[in-house]
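Student: Could you help me learn to read how two chains meet in a structure? I would like the general idea, then the case at hand.

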Amino acid sequence: MLKPISRKTNKAMLTKLLAGIGGLLAAAISLGYSLYEKRQAEIIPQVAIATPVDAGRWKVSLSAGVIGGEMPNGSHIAPGKQVVAIDMVLENLSAESSNIYRDLIRLQNIPNAPKPQFYLMRDKDILWDMQPMMPEAVKAVWQVPADLTLPKELKVKVEGEKFKPRDNLYAAPGWFSAGSVAQVTLPLAPAPAPIPAAEAKP
Amino acid sequence: MASNRERKWFWLSLASLPVLLVVAFRINAWRNIEEYSRLSESEILTGNGNLDYAGALWRLENVRLIGDGRDTAQKFPGAMRLIVVRLVATAHDDIGKNWGQCQVSLTDDTGRRWLPLEVSLSNDISRDLEPKADPVNGCGITSLTPPKKSSAVMIEEKFVVPADAAPKLAAQLSFSASRPKAISLPLGL
Amino acid sequence: MRLVFLIVVIAVSMTVLAALQATTPPYAMLTGPIRTEGRQGETVSGTVFSAQIRQVQKAKTLAWDQFGRAVERQSSGTWVIVSAELQAMRETMPVRGATIIGTSGRLYHQSQRAQAAPNVLSAKTVQPGLPTTGIYIFEMPKEETRDMTLLLSRQYGPQLEDELAITLEQNGIVLREKMELGKNGI
């Protein structure tokens, strides 16, 4: 057996050692997890045109990309701007009417794209709430600078959301961002004048 | 083990914990009560003319009851009536920012409250009633530019009320800085 | 001995803490609506307002006049038109939050596609002592209309405020091809 004095220092050493190992372990796990997440995030499946994508809160199938043309509701385009639009069929998979779809689609190869305005093709009017289980033909419209050279095809990411029955702050149910779930490449065709292209009939 | 001194401090801290907790709760509750009283109108000063409130003297200038065919030929369906209240405030102090978040309402003796019509509808009605005159501003707009010391201002608010409540109504007015104090001027209809 | 005691204490405290955590009502529930239940036809009274549902109708197409222009709204499902009478008990208030719980339990808010229709209640203000009548319009899939409960509140997502839950009758609802909405309701 050791003398009491050295026993005490030994114990202190052991505590320090344990704390050090714990800290290193925590750092290693955290680093490994973030690397794993990053790797996972990079693998986003490429999806063909007009294929339904389940993004958690929304189901969307993107059918065509359009350059130019008018706004679907006939409102005028801001001066110095041109229109890039995507036709799609959108469905609300959640259990409640919702209009939180503005972050669903991200343009990859158009820099600084603003948030799109969505139009309901059935009414040729601004889209508000989407009702659950009622898919609709919808057009998302971006107004981008007129002098911007547009690519031949649009690269688009679909952003997923996942449901949490109890969130971390209020223990309230809610939808939370879950990263990109799909990539779609859409050819960009000019809109036939004067009616907006690819008018979807119900 | 710990020395006597350490032990003393330990027990002292433990004993002071309940006291500190109570103090913390008190302060928090006091803040909440303060905030609540900024929203409520619990101290009401009632009078017929020249009530001193928020740096001004207040009186009822004019009240109109429209919809029964007496003030104007207009008759509203059922028991619906329109009441137009004009108040005049004469400032005797520098008001500055003390007229923020104006609340005007009509109250009856059973505690029911009628809130004024919103600005654009109110102005439309003003133009219908007096096509040539400019609409008189309501309390919300007036409170942004309160009258200077010893000058007066008129405000007008419109309410939709049931006919049977009209005889018991009083106009109640308050500002954020003066709440929970409010003034009440019986309409005497 | 001391070690066993320590382990027991830790285990017990972990159990107690887990039990406390599992049984704590979530914030969203503690600050949720104050619900009053009732049926179509009767006057359902909360603490600050009451409602009586007069009639429920269904239609495939809605039509109304907007500034002299005829407007038509079609649906892939069906329109549900609920006519109601509202009363405010204490204070001037709107009743803007109107949701139907469908057969599956999904929540259908009022359709904004029909918000410009005449006589829509969410555009009105209810004054104490003056019963206010009008309609709420919903769009939902047909199979969701077999069993419906209407939720009414001052605004959507009421917290510590009245919410009336009114079961809608199924008898006598006919699905009409087209419904004209006039100034005086349906």
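Student: How many residues of chain C are in contact with chain A?

Tutor: Two residues are in contact if their C-beta atoms, placed from the backbone, lie within 7 Å. Here, 17 residues of chain C are in contact with 16 residues of chain A. Please keep in mind that this is a predicted model, where local features need pLDDT of at least 70, side-chain atom pairs count only at pLDDT 80 or more, and totals for chains, interfaces and linings use all residues. Residues are numbered from 1 along each chain as its sequence is written, while chains are lettered from A and ligands numbered from 1 in the order in which they are written.

Student: Which element gives the most to the side of chain C that touches chain A?

Tutor: Strands (E, at least two residues) and helices (H or I, at least four) are DSSP runs, numbered from the N terminus. On that side of chain C, β4(C) gives the most, with 4 residues.

Student: Where is C:Gln112 placed, and what is it in contact with?

Tutor: C:Gln112 is in the loop between β6 and β7 of chain C. Leaving aside neighbours within four places in sequence, C:Gln112 is in contact with A:Trp128 and A:Asp129.

Student: Why does C:Gln112 count as partly exposed?

Tutor: A residue is buried if 20 or more other C-beta atoms, placed from the backbone, lie within 10 Å of its own, exposed if 12 or fewer, and partly exposed in between. C:Gln112 counts as partly exposed because it has 17 C-beta neighbours inside 10 Å.

Student: How far apart are C:Gln112 and C:Ile137?

Tutor: They are 25 residues apart in sequence and 8.6 Å apart in space, C-alpha to C-alpha.
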